[in-house]
Amino acid sequence: MSSPSNTQRGQFITFEGIDGSGKSTQVRSLEARLSASGRTVLRTREPGGSPGAEDIRRLLVEGDPEKWSPETELLLFTAARRDHLEKTIEPALTKGEVVISDRFADSTRIYQGATRGDLRPMVDELHRLMIGREPDLTIIIDMDPQAALTRGLARGSGEDRFEDFGLPFQKALRDGFLKLAQEFPERCVIIDGNHPVETVEEAVWRAVSPRL
Ligand code: TYD
């Protein structure tokens, strides 16, 4: 007889939010909780998540904020996502695993689509042509932009090309994510990230557990 984890349907969960929103911590906590409950979990991230996409990540997140035009940047993010989907996400979902990704296509809709000129129609067209998949559930960690920015820069990871754009940019991103939740209400849940980590973890679990 096959084990329950082999007969369960794969689930694709994404986390979104502005830089420094605490989503990466929440991704790891959810991974631990789901693993403890007996699910096989694949934790991944964007940009990156497969060897080829990690190579593209380095081109994107390091260096001068003005390095790429918005259009070139969109193509690089889409190329990275396509590789991530082919090599990492789809194979795991086929095996019935839970895939948790720290960012996915919604980040492109907001970062490239809504904040760098109005590239959203181009973002949507490329998504339709090259990606064509939405998550089963998207957790948006909502966070005060000033607090998030202070946190993000304090990390000093060297991957601060986007954080370099400053507070007005972070505010526009936050508004974009909140609007996105209205655009895709069936899969998006907004969670208030301005609370202790454990409180946010509980809220995430309340959103995820009924859907498994
Ligand atoms: P990430 O590693 O998630 O950074 P952080 O941990 O600070 O949230 O993502 C790197 C940066 O790339 C981040 O500033 C968001 C940006 N980004 C886009 O602009 N478009 C995208 O499609 C993705 C996935 C990320």
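1. The side chain of S101 reaches the backbone oxygen of R103 at 2.8 Å. Such a polar contact is a pair of N or O atoms within 3.5 Å; within protein, one must be able to donate a hydrogen and the other to accept it, and residues adjacent in sequence count only if both atoms are side-chain atoms. S101 belongs to strand β3, residues 98-102; helices (H or I, at least four residues) and strands (E, at least two) are DSSP runs, numbered from the N terminus.

2. This is a predicted model, in which local features need pLDDT of at least 70 and side-chain atom pairs count only at pLDDT 80 or more, while totals for chains, interfaces and linings use all residues. Residues are numbered from 1 along each chain as its sequence is written, and side-chain values use heavy atoms, with hydrogens and water left out.

3. Is S101 buried or exposed? S101 is buried, at a relative accessible area of 0%; buried means under 20% relative accessible area, exposed over 50%, and partly exposed in between (1.4 Å probe, protein chains only). Residues up to four places away in sequence aside, S101 touches F12, I13, T14, F15, T44, R45, E46 and H84, where contact means heavy atoms within 4.5 Å.

4. S50 sits in the loop between β2 (41-45) and α3. S50 is likewise buried, its relative accessible area being 3%. Beyond its neighbours within four places in sequence, S50 is in contact with D83, H84, K87 and T88.

5. L59, in helix α3, is partly exposed, with a relative accessible area of 41%. L59 touches K67, W68 and L76, not counting residues up to four places away in sequence. The C-alpha atoms of L59 and F77 are 10.0 Å from each other, with the two residues 18 apart along the chain.

6. Which residues come nearest to the ligand? Of the 16 residues around the ligand, these are D19, R57, R103, T108 and Q112; a residue is near a molecule if one of its heavy atoms lies within 4 Å of it. An oxygen atom of the ligand is 2.8 Å from a polar side-chain atom of R57, and an oxygen atom of the ligand lies 2.5 Å from an N or O atom in the side chain of T108. For Q112, a side-chain N or O atom is 2.9 Å from a nitrogen atom of the ligand. The protein covers 94% of the 540 Å² of accessible area that the ligand has on its own, areas being from the Shrake-Rupley method with a 1.4 Å probe; for residues, only the protein chains shown count as cover.

7. Helices α3 (51-61), α4 (70-94) and α5 (105-114) each supply at least two residues of the shell around the ligand. The largest share, four residues, comes from α5.

8. Buried residues make up 50% of its 212 residues. Of the contacts between residues at least 6 apart in sequence, 78% join residues at least 24 apart. Along its principal axes, the C-alpha trace spans about 55 × 40 × 30 Å.
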